[in-house]
Each structure stands twice: as C-alpha cells, then as structure tokens.
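Student: Could you take me through one part of this model up close, the sheet and what surrounds it? I'd like the cut-offs spelled out as you go.

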Amino acid sequence: MVKVVCVLYKGGPAAQEEPRLLGTTENKLGMEKYMKDNGHTFIVTDDKEGPNSMLHKEIVDADVVITTPFHPGYINAELIDKAPKLKLAITAGVGSDHVDLNKANERKITVAEVTGSNVVSVAEHVIMSILLLVRNYNVGHAQVYRNKEWYVADIAKNAFDLEGLTVGTIGAGRIGFRVLQRLKPFNCKELLYFDYQNLPSDAEKEVGARRVQDLDDFLSQCDVVTINAPLHEGTKGLMNKEKLSKMRKGSWLVNTARGAICVADDVADAVNSGHLRGYAGDVWDKQPAREDHPWRTMQGPGGPSGSSYGNGMVPHYSGTTISAQKRYAEGALEILDNWIKGKIQTPANIIVENGEYASKAYGQGRGK
Ligand code: NAD
C-alpha cells in the first residue's frame, strides 16, 4: 500500500458536464477505483502553493506524487527535502521541468512522464496559433464580436498568407516533427529546424526541412519561429532580448513548449514595440499566470486598441484536450501500476531513474 498525492486543476461544473475531463480534481485522472480497490491512500488537490498548501502538507509522508503540467505542483528541492519517502514523480502529460531533476537524481527519485500522449494535440495548437497570428485573426474577431464594426482594411493591413513564408522549429522531436508534417501542405518558402540532432534522413525528406546549426543564423532566416524543445538549463531564458533581436522585424513567435524558455518582459517589449508582429502560446513561466503578467496585455502597435493584435496567449490547455486526457490518464496509471508491481517501465517514459538522466533532451545543458 502506498500514499499518492495528486495535483490537478479544479473542474467545477465543467467536470460534471464532461466526465471525460479526467485531469480535474473531481474526476481524479479516473484513478479512484484503482486506488480504493488496492487500498492505497489517494490525496487529490489543486492547492499547491506555499507551506500551508495541501501539496506541501501531504507530501511529507507520500511515496508518489502525480501532477499535470497544466496546473503543476512544483516539486522543488526544498519540497523534496520535506518528503523523505518520495520515490516516484509522475507527470500526467509531457514535460517534467516542474520537478527539480538534479535533486530527484540526488535522492534517486524516479521521474516519469507519458511520452507522446499529447503531441498531436500540441502540434495542432501550434498550427492554429501560427495561422491566427499570420492571418491577423484577433483584430477581425474583435471587430465583429466585441465592437460590432467592419473595417476590412484594419485587418488586412497586417494579414498574410503562410504560403511563401519561412517557418522554423526550435526542437524537432515528437511535437516539432509533427508541426513540420502539418506545415508541409502550406507550401511555405522553406521549413527549417534547430536541434542538437539531425532528423532521420527519411523524416527530413518527408517534410522537406533543412537543419540550421547556429541559432542566430536560424532566427534570422525565419518569418515564423515555433518552440518545441523541453525546458532545461540549456533552454531556460533562451529567447531573451538578444536572441529576439536576431529575429526578423515583423516576424512571429509561437511557444507551446514552456513559458520560461522565453524572458517574459523581453517578449512583451518585442511585441509592444512591433519588433515581433506577434507572440502566441499557452505556456507561462509560473502557472496559473499572475494577473499582471505582461503577456496578458501585450499588444502590437499596428492594431486597434484592445483588439489583442499580435497576442495569441491562452491558458495552458493545448495538451489537455478531451482527446489527450484519456491517453495521459491511462499512461500515468500504467506508470504507477508498473512501479508498484516492480515491472519495467516503457523506456521512453523515463526522465530520470537511479540517479541518472535517461532522456538526452533533458540531459542537454546539464553536462550529461
Ligand atoms: P521530444 O523529447 O520528443 O523532443 C524535444 C526535442 O527538443 C528533441 O529533439 C531535442 O533534441 C530537442 N532539444 C532539446 N534541447 C534543445 C535545444 N536547446 N535546442 C534545440 N533543440 C533542443 O519532446 P516533445 O514530445 O516534442 O515535447 C517537447 C516539449 O513540449 C516538452 O518537453 C514540453 O515541455 C512541451 N509540451 C507542451 C505541452 C503543452 O500542453 N503546451 C504538451 C506536451 C509537451
């Protein structure tokens, strides 16, 4: 019998309306029966910040912690020190940067995620975000919906076709590659990628993408950049003022990877000044994002006031569609059950184990 603490987002009436919303505190990743039948202690909460939160109180004698990246329980070194029995941290989703992985290694805590569970969900969101920025959707929508207006010129002056533009992805792994696949039929001028490694040659051929090895060179060639790399010491704050200045004037940046890969104020300055024509994404440096976060209000200078021109920000939800929830919920349960039964985990799901980084992507920038 084990004690599992699980941090999920609150569902409220939505969780009752839609029982497939498994990532909510009400629907408990669909794990309640398993926990009951097996006599495990199962604490589910959305209360995760500060020493008086349920997470901080309950983790002290927990064996396992589960969290989604959408409402992440931040398992930092201090919290790990308070949890002497903790042996397994499961991410119900993809991206385990909310856990201090160095500390997890020091304590030999296994960190595992449900690799691949929502990669299509995110890739589709990336395509949507690119299109809404490049085609200036927000200004058009604000006119008809909010202002009851009709000024085609105000929209069209900043609306473009994706065809003929150069689009590049930072990170060409599971999501980045799926983004390239989905971009192929748009007949872009060129598809580029920046990654530590080459795509396999058949994959590169399939999407017709070219690898650029120098980041500045890559940024200067793209009209649209999409970020699809994990957050680790090598990518934290990567897109700062200096790198943003290497992007073409009037280009667009989409980040559905992790908020902290970009420096928030530098991005807001680049959008507000018009250096970037727009920024979109669903990930924020700390979640939920604070009310006065600059990404909530940034807007390009070329749009009518209050039209959210060039601002494609939404809460973190691209990987938590109804379609994705079943996959990451079932995957998280499988990881837990394997661990309890001492079975071998699916290798791709392991981020760190026995004090070592299993994933090359996370190991990069960490000297591994
Ligand atoms: P993946 O491991 O399949 O691919 C990541 C790729 O990034 C790899 O090819 C790796 O070599 C590359 N990479 C690592 N560091 C890099 C760097 N400094 N520069 C360039 N490339 C680098 O992972 P994935 O499944 O494609 O997911 C990528 C990230 O997307 C996740 O780590 C997670 O943070 C994020 N994500 C977000 C959501 C969401 O809901 N918004 C959902 C899933 C994943």
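Tutor: Let's start in the sheet: S6 and S7 pair in the parallel sense over five bridges, where two strands count as paired if DSSP finds at least two bridges between them. The element names are DSSP runs numbered from the N terminus, with helices (H or I) of at least four residues and strands (E) of at least two. Before going further, a word on the source: this is a predicted model, so local features need pLDDT of at least 70 and side-chain atom pairs count only at pLDDT 80 or more, while totals for chains, interfaces and linings use all residues. Residues are numbered from 1 along each chain as its sequence is written, and side-chain values use heavy atoms, with hydrogens and water left out.

Back to the S6 and S7 pair. Thr169 has Tyr193 of S7 as its bridge partner. To get from S6 to S7 the chain goes through helix H9 (residues 174-183), and this β-α-β crossover is right-handed. Right-handed here means that, with the strands pointing away from the viewer, the path from the first strand over the helix to the second runs clockwise. Helix H9 itself lies across S6, S7, S8 and S9, at about 175° to S7. That angle is between N-to-C directions on a 0 to 180 degrees scale, with axes fitted as lines to C-alpha atoms, for helices over the stretch in contact; contact means heavy atoms within 4.5 Å.

S7 (residues 190-194) has four of its five residues buried, so the strand is largely enclosed by the rest of the structure. Buried means under 20% relative accessible area, exposed means over 50%, and partly exposed is in between, using a 1.4 Å probe and protein chains only. S7 also pairs with strand S8 (residues 209-211), again in the parallel sense, over three bridges. There, Leu191 has Ala209 of S8 as its bridge partner. The chain passes from S7 to S8 through helix H10 (residues 201-207), in a β-α-β crossover that is right-handed.

Now zoom out to the whole sheet. Seven strands make an open sheet with parallel pairing, in the order S8-S7-S6-S9-S10-S11-S12. S8 and strand S12 (311-313) are the edge strands, each pairing on one side only. From one strand to the next, the twist averages 20°.

In H13 the residues Ala264, Asp266, Val267, Ala268, Ala270 and Val271 are buried. The buried residues of H13 pack against helix H12 (241-246), strand S11 (276-281) and helix H14 (294-297). After H13 comes Gly274, with a positive phi near 90°.

What about the charged side chains? Side chains of opposite charge can pair when their charged atoms come close. A search of the whole structure turns up 19 salt bridges, each being a side-chain nitrogen of Lys or Arg within 4 Å of a carboxyl oxygen of Asp or Glu. One of them joins Asp97 to Arg258, with the closest N and O atoms 2.8 Å apart. Asp97 sits in the loop between strand S4 (88-91) and helix H5 (101-106), and Arg258 in the loop between strand S10 (251-255) and helix H13 (264-273), so this pair ties together parts that are 161 residues apart in sequence. Asp97 is partly exposed at 25% relative accessible area, whereas Arg258 is buried at 11%.

Arg135 pairs with Asp161 as well, their closest N and O atoms being 3.3 Å apart. Since Arg135 lies in the loop between helix H6 (119-134) and helix H7 (137-146), and Asp161 in the loop between helix H8 (152-156) and strand S6 (166-170), the pair ties together parts that are 26 residues apart in sequence. Arg135 is partly exposed, at 45% relative accessible area. Asp216, Glu242, Lys243 and Lys246 are linked in a network of salt bridges.

Last stop: Lys236, in the loop between strand S9 (224-227) and H12. Lys236 counts as exposed, with 62% relative accessibility. Neighbours within four places in sequence aside, Lys236 is in contact with Leu231 and Ala260.
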